[in-house]
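Here's a quick tour of a protein model, from its overall build down to one of its helices. Have the viewer open as you read.

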Amino acid sequence: MNPKRYRLYLCLIILGLAVAATALLIYVINQNSAFFYTPSDLQQPKSPLADGQKLRVGGLVKPGSFHLSPDGRIDYFIITDLQAEIVAVTKNYMGDWPALFKEGKGVVIEGIWRQDGTVETTLILAKHDENYVPRSVQKTLDLNSQLPHREQ
């Protein structure tokens, strides 16, 4: 094999390995990324998510929405942005409940989107002071509070 051909094959092998490493890196990042959504985003007629996709949802815990199991654990609760609501199922949640996790307070959960419109919660993030609301959630809440109340 002449030296030119040897260098060409070596460059092609290195380029192939670089492409494979990049593809693997992109695949791993996509598997572990969780994009942030509000309940209004998830209630759109054409939901941007597929069943089983990882996501984060932020909003307020709807007062009176805690559904308790017979052993006193929270089975599910509702997250609202005052325009739409999402049910956060916590039956399989194994973590500690944050001390600031209360009804009417801001919360960000991480979980798995289900086709029935619920989120299986794997992580609850409420470890902030009681006045903190994520910027995007505050923007949505401000926008929704300016809307006139709907007659039912």
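## Overall build

Helices (H or I, at least four residues) and strands (E, at least two) are DSSP runs, numbered from the N terminus. This is a predicted model, where local features need pLDDT of at least 70, side-chain atom pairs count only at pLDDT 80 or more, and totals for chains, interfaces and linings use all residues. Residues are numbered from 1 along each chain as its sequence is written, and side-chain values use heavy atoms, with hydrogens and water left out.

## Inside and out

Of the 152 residues, 30% count as buried, meaning under 20% relative accessible area, while exposed means over 50% and partly exposed is in between (1.4 Å probe, protein chains only).

## A look at helix 3

Helix 3 covers residues 135-145, and its buried residues are Val 137, Thr 140, Leu 141 and Asn 144. Down the helix axis they fall within an arc of 100 degrees, so they line one face of helix 3; the arc is that of the directions from the helix axis to the C-beta atoms.

As for the buried residues, what covers them includes strand 1 (35-37) and strand 2 (54-61), with contact meaning heavy atoms within 4.5 Å.
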